[in-house]
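Q: Before we look at the model together, could you take me through how its side-chain features should be read?

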Amino acid sequence: MPLLRMESSAAALTARRRRGSAIVMVICLCAQFEAVLQHGLKRSRGLALTAAAIKQAAGFSSKTETEPVFWVYVKEILNKHELQRFYALKNISTDIGRGRAWLRCALNEHSLERYVHMLLADPNRLSFFYEDWSFVLDEERSSISLPWQLVSLGYSDY
């Protein structure tokens, strides 16, 4: 009987370790996709930049809140209900948080590949939000490698 308990305890510990390493892998995956979507985002212009500078100078926002965030681009492709879903999240009050929530939801719902195709589909919109040297505007890297990497994610559960 004690041997059986030890085996079940060992199995439970192994399962916890697997779940723990899977969580770490998902966190790393989200961070990498966030970095790709952040890479080369253009800074705000006009009124938005002025308002952000005033808020920062007055101490109402940190420097990271005035940096460009991929949410400003992602929200352009979302429908009204999807937008409401992310703006209604009670514990998330920043664009950084909404972008991360969207990324995690898209991954959980197996819709990240579809969203990436939508994000990459309009070159005019891309060039409005991203610098010429950004990852998403590099046709070879963004149109070939990114969707294929996402296809392989479709076979995994998060």
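Q: Which residue lies over the face of Tyr115?
A: In this predicted model, the residue over the ring face of Tyr115 is Arg114, placed at 4.5 Å from the ring centre.

Q: How many aromatic pairs does a search of the whole structure find?
A: The rings are paired by how far apart their centres lie, and the search of the whole structure gives 7 such pairs. One of them joins Trp71 and Phe86, whose ring centres are 5.8 Å apart and whose planes stand at 70 degrees; because planes over 60 degrees apart count as edge-to-face, this pair is classed as edge-to-face.

Q: Where do Trp71 and Phe86 lie, and what does the pair tie together?
A: Trp71 belongs to helix 4 (residues 71-74) and Phe86 to helix 5 (residues 80-87), so their pairing links parts that are 15 residues apart in sequence.

Q: Which residues form one aromatic cluster?
A: Tyr73, Phe128, Phe129 and Tyr130 together make up one aromatic cluster.

Q: What is Arg98 in contact with, beyond its neighbours within four places in sequence?
A: Arg98, which lies in helix 6, is in contact with Trp71, Phe86, Tyr87, Ile92 and Ser93 once those sequence neighbours are set aside. Both partners of the edge-to-face pair, Trp71 and Phe86, are therefore among the contacts of Arg98.

Q: Is Arg98 buried or exposed?
A: Its relative accessible area is 9%, and because the cut-off for buried is under 20%, Arg98 counts as buried.

Q: How many residues has the largest nonpolar core, and which have the most contacts inside it?
A: In soluble globular proteins, nonpolar side chains tend to be buried together. Here the largest nonpolar core has 28 residues, and those with the most contacts inside it are Trp102, Leu112 and Tyr130. At least two residues of this core come from each of helix 1 (2-38), helix 4, helix 6 (95-108), helix 7 (112-121) and helix 8 (123-129), with the largest share, 6 residues, supplied by helix 6. Tyr130 is also a member of the aromatic cluster described above.

Note on methods. Residues are numbered from 1 along each chain as its sequence is written. This is a predicted model: local features need pLDDT of at least 70, side-chain atom pairs count only at pLDDT 80 or more; totals for chains, interfaces and linings use all residues. Side-chain values use heavy atoms; hydrogens and water are left out. Rings of Phe, Tyr and Trp (its six-membered ring) pair if their centres lie within 6.5 Å; planes under 30 degrees apart count as stacked, over 60 as edge-to-face and the rest as tilted. Helices (H or I, at least four residues) and strands (E, at least two) are DSSP runs, numbered from the N terminus. A charge sits over a ring if NZ of Lys or CZ of Arg is within 6 Å of the ring centre and within 35 degrees of the ring normal. A nonpolar core is a set of buried Ala, Val, Leu, Ile, Met, Phe, Trp, Tyr and Cys residues joined through side-chain atoms within 4.5 Å. Buried means under 20% relative accessible area, exposed over 50%, partly exposed in between (1.4 Å probe, protein chains only). Contact means heavy atoms within 4.5 Å.
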